[in-house]
Amino acid sequence: MATKAAVRTFSKALTRPSVPGTASRCQRVATSQSARNFSDAPRQTTLSSSARRHRPTIAPLSQPALRQTPPAARTIFIQTEDTPNADALKFKPNHQVLPDDFPSSFLEYLSPRSTLAPPHPSPLASQLLQVDGVTSVFYGRDYITVTKDSATPWAHVKPEVFSMITEAVTSGQQIVNTVAGKAEDGQDTGETQALYDPEDEEIVGMIQELLETRIRPAIQEDGGDIEFRGFQDGQVMLKLRGACRTCDSSTVTLKNGIESMLMHYIEEVKGVQQVMDQEEEIAMKEFAKFEEKLKAQKGPEAVAGTVGKGSLDTVEA
């Protein structure tokens, strides 16, 4: 018993040394561990788009609506060109005028009635010939030549003609239609049968080749065209169309230009003659009478086609 009492007394006397700061460190660890909150609740993410901090939901996949693009606007560019004929103006609408299967290289309307008659009525030509001062409408493959009378200035005609051509092209309507029926006077397509001797067929072929490759393109640049009417006794019969039909220099064009070229390349050609319709012959006779009257007033020294004092184009009261 005494031994046990001594042991207890000795153990109490031997106390365990303490390390400074150890108790406080252990206390902090215990405190931090006790502060941890372990829960089975789902962890909340910081990524949220709502005030309640709920996880954002993804909308169901849907096909976006297609945007309806408006149709592209059609660009129209109409170019106007002067011609050697002061009373004729050439319009190039950057659009094909005659159909691809049209049998001729041109179409000419000389009266309002002819624009409504078969075989090739044209609503545009009908409107153009209703403009005050317009006397004829000529269609090429890709251009339109409008001819007016000498008394009407272009300032009164050009804006209205320009507007009508623009409206016809932008609307997409057919400029020239083809219907069955008898052809009306005043509607010319150059389909008149040419007159020549069958023995001259080879010569006629060379004439037509020169007309097609060398002469017609130059005349079309001036807003007109040319038509072969025949070959007899060395004379080539031709008819000018469009702006060249009423041009003052048409005779010079035939003689100095076309006749010289044909006679140079084809020795059988002796000359060129201009073919005129009945109305044109009457107009030429009336012009000849008027010219004789002016000569009587101005004297024999007056020169036709000149401008200024002492010419046939100037009359003194």
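Start by selecting helix α6, residues 250-265: K255 and E259 both sit in it, four residues apart, about one turn of the helix. Helices here are DSSP runs of H or I with at least four residues, strands are runs of E with at least two, and numbering goes from the N terminus. Show the two side chains and you'll find them joined in a salt bridge, 3.4 Å from N to O. That term is used for a side-chain nitrogen of Lys or Arg within 4 Å of a carboxyl oxygen of Asp or Glu. K255 is partly exposed, with a relative accessible area of 37%, while E259 counts as buried at 15%. The cut-offs are under 20% relative accessible area for buried, over 50% for exposed and partly exposed in between, using a 1.4 Å probe and protein chains only.

A word on what you're looking at: this is a predicted model, where local features need pLDDT of at least 70, side-chain atom pairs count only at pLDDT 80 or more, and totals for chains, interfaces and linings use all residues. Residues are numbered from 1 along each chain as its sequence is written, and side-chain values use heavy atoms, with hydrogens and water left out.

Next, jump to helix α5, residues 201-221, and pick E212 and R216, again four residues apart, about one turn of the helix. Their side chains meet in a salt bridge at 2.4 Å, N to O. E212 is partly exposed at 47% relative accessibility, and R216 is buried at 13%.

The structure holds ten salt bridges. For a linked set, select E108, E227, R229, R241 and R245, which form a network of salt bridges.

Now colour the sheet. It is an open one of six strands in the order β1-β2-β5-β4-β3-β6, with antiparallel pairing. β1 and β6 (187-188) are at the edges with a single partner strand each, so one side of each has no neighbour in the sheet. Bring in helix α4 (residues 154-171), which packs on the sheet and touches β1, β2, β4 and β5; its direction makes about 25° with that of β2. Contact means heavy atoms within 4.5 Å, and axes are lines fitted to C-alpha atoms, for helices over the stretch in contact, with angles from 0 to 180 degrees between N-to-C directions.

Zoom in on β4 (residues 134-139) and β5 (residues 144-148), an antiparallel pair with five bridges; S136 stands opposite T147 in β5. Two strands pair if DSSP finds at least two bridges between them.

Then go to β1 and β2, a hairpin with five residues between the strands. They pair in the antiparallel sense over four bridges, and D82 has L89 in β2 as its bridge partner. Also pick K90 and E81: they form a salt bridge with the closest N and O atoms 3.9 Å apart, and both are buried.

Stay in the loop between β1 (79-82) and β2 (88-92) and select N85. N85 is buried, at 6% relative accessibility. A polar atom of its side chain lies 3.1 Å from the backbone oxygen of A243. Beyond its neighbours within four places in sequence, N85 is in contact with A243, T246 and C247.

Last stop: C247, which is buried at 10%. Its sulfur is 6.4 Å from the closest cysteine sulfur, in C244, too far for a bond. C244 is buried too, at 12%. With a disulfide defined as a pair of cysteine sulfur atoms within 2.5 Å, the count comes to zero.

Note on methods: Polar contact = N/O pair within 3.5 Å; in protein donor to acceptor, adjacent residues only side chain to side chain.
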